[in-house]
Amino acid sequence: MDMNWLAALVDYGVLGLLGFLNVVVVAIAIERWSFYHRLDAAKVGDIKRLELVLTRRLFVIASIASNAPYLGLLGTVFSIMLTFHRMGVDASIGTASIMTGLALALKATAAGLFVALVAVVCYNALLRKAKVITLEWEIARG
């Protein structure tokens, strides 16, 4: 049974999805940061409306931050399954080949952790900026 589809799933599916999610996080973070700098909070009359405007799309970043490591682990599990399958099919497989397969399996976990770290940093920075803008609005209103 050919298991090359599993290798392609990890390389193009899981890693591709993680790369796409990283681009989404960075794009939302840039858009939000730009919006925060252009926003004139004094023109917003209601604190609840201000909070809604400031936190728009932040849930996407938070969701990616919490799920990216699991996607990476899923890719790692698939890669380890593939390595074990290759070991079962070819009993004469060398130790170097096994170790290479297992080492490469961890690339999905590393990618998932990287995406999660970027997302957490962006989320925390944006949430802090939103809180500062909200507090400045409250101080200005007296």
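**Exercise 1. Find which helix gives the largest share of the lining of the largest pocket, then describe that pocket.**

*Solution.* Start with the share: H4 comes out on top, with 6 residues of the lining. Keep in mind that this is a predicted model. Next, look at who else joins in: H1, H3 and H4 each bring at least two residues to the lining. Now for the space itself, which has a volume of about 230 Å³. There are 14 lining residues, and those closest to the pocket's centre are Leu82, Thr83, Arg86, Gly101 and Leu104. Last, sort the lining by class: you get 6 nonpolar, 5 polar and 3 charged residues.

**Exercise 2. Work out how H3 and H4 run relative to each other: roughly parallel or roughly antiparallel?**

*Solution.* Take H3 (residues 58–89) and H4 (residues 95–141): their axes come within 8 Å and cross at roughly 180 degrees. Angles over 145 degrees count as roughly antiparallel, so that is how H3 and H4 lie to each other. Then check what sits in their contact: 23 nonpolar residues, 8 polar ones and no charged ones.

**Exercise 3. Check whether the end-to-end distance of H1 agrees with its number of residues.**

*Solution.* First, H1 covers residues 4–38, which is 35 residues. At 1.5 Å a residue, H1 should span 51 Å. Its end C-alpha atoms are 50 Å apart, so the two values agree. One more thing to spot along the way: H1 bends by about 30 degrees at Val10.

Methods. Residues are numbered from 1 along each chain as its sequence is written. This is a predicted model: local features need pLDDT of at least 70, side-chain atom pairs count only at pLDDT 80 or more; totals for chains, interfaces and linings use all residues. Side-chain values use heavy atoms; hydrogens and water are left out. Axes are lines fitted to C-alpha atoms, for helices over the stretch in contact, and angles run from 0 to 180 degrees between N-to-C directions. Helices (H or I, at least four residues) and strands (E, at least two) are DSSP runs, numbered from the N terminus. Angles under 35 degrees count as roughly parallel, over 145 as roughly antiparallel, 65 to 115 as roughly perpendicular and the rest as oblique. Ala, Val, Leu, Ile, Met, Phe, Trp, Tyr, Cys and Pro count as nonpolar, Asp, Glu, Lys and Arg as charged, and the others, Gly among them, as polar. The expected span of a helix is 1.5 Å times one less than its number of residues. The bend at a residue is the angle between axes fitted to the seven residues ending there and the seven starting there. On a 1 Å grid over the protein atoms alone, a cavity is a set of points where a 1.4 Å probe fits but cannot get out, and a pocket is an open set with protein on both sides within 12 Å along at least five of seven lines; lining residues have an atom within 4 Å of a point. Grid points are joined across faces, edges and corners, and a volume is the space filled by probe spheres set on the points.
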